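Subject: Structure for your review

Dear colleague,

Please find below the structure that I am handing over to you. My findings follow directly after it.

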Amino acid sequence: MYVSINKNKKALPLYIKSMKGYENTLGDDHVITASVYNNLGELYRLIKQYDNAFPLIEKAINIRELEGGANPIDLAYSYNTMGVYYTDIKNYVKALDYLNKALNILNSTLGENHVNTKGAKTNIEFLYSLMNSESNNSIKKIKIGRNDSCHCGSGKKYKMCCV
């Protein structure tokens, strides 16, 4: 409830208590416990506690991968969570890898018009927009004057060579 009304820090102790309860009753390698790890990891990501988020999301993925694809949609959700985590910390290569894994699973299981598949597509589009924005900001715009030497190394003026 607190997460849905954007009171993430109030929700944190409840999620931690829930995680401990699931670990005590089902074990720390159960698929339902994996859901709790994923949700708690997402909550830590939302409050920007990335060091706490990563191991939980990773643990959820490991459990779900070991499950052998019994519930691919849950695995896709964990891949999506990890992709968004990597987007937040600006590791765009890993983010794209995880988001594409999520999208492929969701496309094949839910179809391309399902709301969750569309959400995964939106995450990838957002990632590409960040990548484009940062690459545009990092490239220096160099204006070559007509009387400058040509960049090809010919020794001629630019206006007489590579215009």
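In this predicted model, the largest nonpolar core has 36 residues. A nonpolar core is here a set of buried Ala, Val, Leu, Ile, Met, Phe, Trp, Tyr and Cys residues joined through side-chain atoms within 4.5 Å. Buried stands for under 20% relative accessible area, exposed for over 50%, and partly exposed for what lies in between (1.4 Å probe, protein chains only). Leu40, Tyr44, Ile61, Tyr79, Met82 and Tyr85 have the most contacts inside this core. Two or more residues each are given to the core by H1, H2, H3, H4, H5 and helix H6 (115–138), and H5 provides the largest share, 9 residues. In soluble globular proteins, nonpolar side chains tend to be buried together.

Two conventions apply to everything in this message: residues are numbered from 1 along each chain as its sequence is written, and side-chain values use heavy atoms, with hydrogens and water left out. As the model is predicted, local features need pLDDT of at least 70 and side-chain atom pairs count only at pLDDT 80 or more, while totals for chains, interfaces and linings use all residues.

Overall architecture

The protein has 7 helices and 0 strands, and from the N terminus on its elements run α-α-α-α-α-α-α. Helices (H or I, at least four residues) and strands (E, at least two) are DSSP runs, numbered from the N terminus. Of the 163 residues, 31% count as buried. The protein exposes about 10300 Å², of which carbon and sulfur atoms supply 52%; these areas come from the Shrake-Rupley method with a 1.4 Å probe, and for residues only the protein chains shown count as cover. Among contacts (heavy atoms within 4.5 Å) between residues at least 6 apart in sequence, 44% join residues at least 24 apart.

Helix H4

Helix H4 covers residues 72–88, 17 residues in total. From its first C-alpha to its last it reaches 24 Å, close to the expected 24 Å, the expected span being 1.5 Å times one less than the number of residues. H4 is largely enclosed by the rest of the structure, because 12 of its 17 residues are buried. Among these buried residues are Tyr79, Met82 and Tyr85, which also belong to the group with the most contacts inside the core. Leaving aside neighbours within four places in sequence, Tyr85 is in contact with Arg45, Tyr50, Ala53, Phe54 and Ile57. Just after H4, Lys90 takes a positive phi of about 65°.

Salt bridges

How many salt bridges does a search of the whole structure find? The search finds 4, a salt bridge being a side-chain nitrogen of Lys or Arg within 4 Å of a carboxyl oxygen of Asp or Glu.

Arg45 forms a salt bridge with Asp88, the closest N and O atoms being 2.5 Å apart. Arg45 lies in helix H2 and Asp88 in helix H4, so this pair ties together parts that are 43 residues apart in sequence. Arg45 is buried, at 10% relative accessibility, whereas Asp88 is partly exposed, at 29%. Not counting residues up to four places away in sequence, Arg45 touches Tyr50, Ala53, Thr81, Val84, Tyr85 and Asp88. Glu42, Arg45 and Asp88 are linked in a network of salt bridges.

Asp28 forms a salt bridge with Lys59, with 3.7 Å between the closest N and O atoms. This pair links distant parts of the chain, 31 residues apart: Asp28 is in the loop between helix H1 (8–26) and helix H2 (31–46), and Lys59 is in helix H3 (residues 50–66). Asp28 counts as partly exposed at 41% relative accessibility, and Lys59 counts as partly exposed at 30%.

The side chains of Lys101 and Asp97 meet in a further salt bridge (3.8 Å, N to O). Both residues lie in helix H5 (residues 92–109), 4 residues apart, about one turn of the helix. An α-helix has 3.6 residues a turn, so residues three or four places apart point the same way. Lys101 is partly exposed at 30% relative accessibility, and Asp97 is partly exposed at 38%.

The loop between H3 and H4

Glu67 is found in the loop between H3 and H4 and counts as partly exposed at 25% relative accessibility. The C-alpha atoms of Glu67 and Asp29 are separated by 9.8 Å, with the two residues 38 apart along the chain.

With kind regards
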